[in-house]
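These are my notebook entries on a single structure. I record what I looked up, entry by entry.

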Amino acid sequence: YRKKVLELFNAASTENDLKWGAWAGEWGSAYTKAQTTTGLTWLRNHGLHVRGHVLVWPGWRNLPASIQALRGTARQGEVPARALEHIEEIVGATRDLVEEWDVLNEPYANHDLMDLFGAAIQTDWFKAARATHAKAPLYLNDYSNHDAALDSGHVAHFETTARYLKNQGAPIGGLGL
């Protein structure tokens, strides 16, 4: 597989290893920081451009169990700070291995944290990523966001979110389609 990767590709992204729950060690022994770092190092050492996916996937069902456990409790207010800590930790740990990041994933269908803590929380995530990695392009990522004839609501939300982030000073560097 490694030979084929080098033969066929010049860029890569791990499917799950950089998702918050996996990085936090909540997905079992198949996902470890050491294994992920080893894989990212191999990609980097072989000249592949690496994109990190994803810093925050803001729907309760996609957050790590340790964050889900705070839902509806007196400690729920810790979530924004914990998200920023996660961003600083993972981006800092992979700064020399990951060249760009999907900061926010699928906000059209996954908006629980914005509903609870306000839209500005999204800007905070982008700013935390920028503070930890000064040069990485930072992306807003979603699906069904490119053809209004197929899903006009999704496309409109994606454009509104991108404009909001830009207007709020989020260092957004691109859009993931």
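This is a predicted model: local features need pLDDT of at least 70, side-chain atom pairs count only at pLDDT 80 or more; totals for chains, interfaces and linings use all residues.

I call a residue buried under 20% relative accessible area, exposed over 50% and partly exposed in between, with a 1.4 Å probe and protein chains only. Residues are numbered from 1 along each chain as its sequence is written, and side-chain values use heavy atoms, with hydrogens and water left out.

Entry: rings.
I looked for aromatic pairs, that is, rings of Phe, Tyr and Trp (its six-membered ring) with centres within 6.5 Å; planes under 30 degrees apart count as stacked, over 60 as edge-to-face and the rest as tilted. I found 1 such pair in the structure.

I then checked for a charge over a ring, which requires NZ of Lys or CZ of Arg within 6 Å of the ring centre and within 35 degrees of the ring normal. Arginine 51 meets this over the face of tyrosine 139, at 3.7 Å from the ring centre.

Entry: helix packing.
Helices (H or I, at least four residues) and strands (E, at least two) are DSSP runs numbered from the N terminus. Axes are lines fitted to C-alpha atoms, for helices over the stretch in contact, and angles between N-to-C directions run from 0 to 180 degrees. I noted that helix α7 (residues 120-132) packs on helix α8 (residues 148-167) at about 65 degrees, with the axes 10 Å apart. Which residues make the contact of α7 and α8? With contact meaning heavy atoms within 4.5 Å, α7 contributes Ala120, Gln122, Thr123 and Phe126, and α8 contributes Thr161, Tyr164 and Leu165.

Aspartate 124 also lies in helix α7 and is partly exposed, with a relative accessible area of 39%. Its C-alpha atom is 9.7 Å from that of glutamine 168, 44 residues apart along the chain.

Entry: the loop between α4 and α5.
Glutamine 76 lies in the loop between α4 (65-68) and α5 (79-94). Is glutamine 76 buried or exposed? At 16% relative accessibility, glutamine 76 counts as buried. Beyond its neighbours within four places in sequence, glutamine 76 contacts Trp60, Leu70, Arg71, Leu116 and Phe117.

I followed leucine 70, which lies in the loop between α4 and α5 and is buried at 4% relative accessible area.

Entry: backbone.
Most residues other than glycine have a negative phi, and most peptide bonds are trans. I therefore looked for departures from this. The peptide bond from histidine 53 to valine 54 is cis, with omega near 10 degrees, and valine 54 lies in strand β2 (residues 49-56).

Glutamate 106 has a positive phi, near 55 degrees. I placed glutamate 106 in the loop between β3 (100-105) and α6 (112-117), buried at 18% relative accessibility. Serine 144 has a positive phi of about 50 degrees. Serine 144 lies in the loop between β4 (138-141) and α8 and is partly exposed, at 31%.
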